[in-house]
Structure formats: C-alpha cells, structure tokens
Amino acid sequence: MTTPPTISAADEREEVPGLRDLTHDWLAAIGEDPEREGLLRTPHRVAKAWGFLTAGYQKTLRDAAGDAVFEAEGSEMVIVKDIEFYSMCEHHMLPFYGRAHIAYIPDGKILGLSKFARIVDLYSRRLQVQERITTQIADAVEELLDPKGVAVLMEGVHLCMAMRGVQKQNSSTTTSAMRGVFKEDMRTRMEFMSAVQNTLRGR
C-alpha cells in the first residue's frame, strides 16, 4: 500500500481548500493512477498552485494600491510598458499570458509605478477573459486617480487556441480600453499607440 504524502501545516494553508481531493479524482477520471509515485504529491501541488494562480479573488484594489497614491503637479502622459501577466481562461481553465501597457494623464494625483504591476496581477490571477482584464485595469486606474484619461493595451497568447481547437500556435490577441482624452482625442491616443507599437509581438 502506498504511503500518503506528508503535507506540512504551512503548505496546507496555501492550498485551495478541497482542491486536493478533486485533483485526485480528476487524475483517476482521465485514466491515470493517482497512487503511483510520480503523482502522489500532485494533488497537493495543484491545490497549492491554484491558491497562487487565483490569489486575485482574495485581494481588493486598495490592497494592490496601498498608500502609493500621491498628490502631484503636472499633466504629461505617464506610460508603463511591458508588464507581464499570466491568467487562466475561464472557458477551458488553460493559461493565457502576455504583456500589458498602461498610460494615464494625471489630474493632480499619480500612482507609484510598481503598483501598476500589482493591479495587473490583481485582475489576472482569477479565471478571466482578456477583454475583461483590460477593462478592469482601466476602471481601476480611473477609480484610484480620476485622471484626465487612461489607456490600456494588452496582448496575450492563449493556450486554449494553441494547444486545442484550432491549434494556432502563432496567434495573439490584442485588447484595448480607452478612457477620457484617450478616447476623445485621436492625437493623444496615437501618441500612446506609437509609444508601445515596437513592443508588440512580432514587430
């Protein structure tokens, strides 16, 4: 009889509750033997990994921004480019990943630069679709800063397209959300697009 793996209390606290047993049953359902040596700790690893991958459910925008909203003068465009994101498609529970570019024009308040990455993680670490993440990031920056405008551009590679279905490994998906002057003023929008253009996949 195979000896069950020993899981420390600290490791167990990082698991999604109940997911270990579900993973054990999932392995059996696909024809695997969850009791073989190589898979003994897999249910724990999966439960722990999903605790990290879905950590966005446990946090709020205020958690992500902290106390990093500052009063500031100036109204020049601020662009934070190439923020990596990793998420899980809510349709097939397969990964999609890529980069996010965020711009805003301040109106008396600015946000610490590292917080943009935290905002991206906040919404990415959930079951998602890329279109929704893009909108949520734009709405979050608007809520925190009430700027003159916000622009978000995201480019992602979706493994639900690359690994299954149409199996198009070289495809990517681009989504955008424009608020305020970025939506109303073509010149402002084009300035942002020009600034991030060379970072897009395949360019």
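Reply: E32 and R36 form a salt bridge, with the closest N and O atoms 2.9 Å apart. The term means a side-chain nitrogen of Lys or Arg within 4 Å of a carboxyl oxygen of Asp or Glu. The model is predicted: local features need pLDDT of at least 70, side-chain atom pairs count only at pLDDT 80 or more, and totals for chains, interfaces and linings use all residues. Residues are numbered from 1 along each chain as its sequence is written, and side-chain values use heavy atoms, leaving out hydrogens and water.

E32 has a relative accessible area of 30% and is partly exposed. R36 is partly exposed too, at 36%. The cut-offs, with a 1.4 Å probe and protein chains only, are under 20% for buried and over 50% for exposed, with partly exposed in between.

Next, D121 and R125. Their closest N and O atoms lie 3.6 Å apart in a salt bridge. D121 is partly exposed at 25% relative accessibility, and R125 is partly exposed at 24%.

The side chains of K48 and E14 also meet in a salt bridge, at 3.8 Å from N to O. K48 sits in helix α3 (residues 42–53), while E14 sits in the loop between α1 (9–13) and α2 (19–29), so this pair ties together parts 34 residues apart in sequence. Helices (H or I, at least four residues) and strands (E, at least two) are DSSP runs, numbered from the N terminus. K48 is partly exposed at 28%. E14 is partly exposed at 43%.

There is also a network: salt bridges link E12, E15 and R20. The count by this rule comes to 11 salt bridges.

Now the core. The largest nonpolar core has 30 residues. Such a core is a set of buried Ala, Val, Leu, Ile, Met, Phe, Trp, Tyr and Cys residues joined through side-chain atoms within 4.5 Å. I102, L111, F116, I119, Y123 and I137 have the most contacts inside it. At least two residues of this core come from each of α4 (61–65), β2 (78–89), β3 (95–105), α5 (114–124), α6 (130–145) and β6 (149–158). Helix α6 gives the most, seven residues.

Take I137. Neighbours within four places in sequence aside, I137 is in contact (heavy atoms within 4.5 Å) with I102, I119, V120, Y123, V152 and M154. A second core of nine residues is separate, with A151, L153, M178 and F192 among them.
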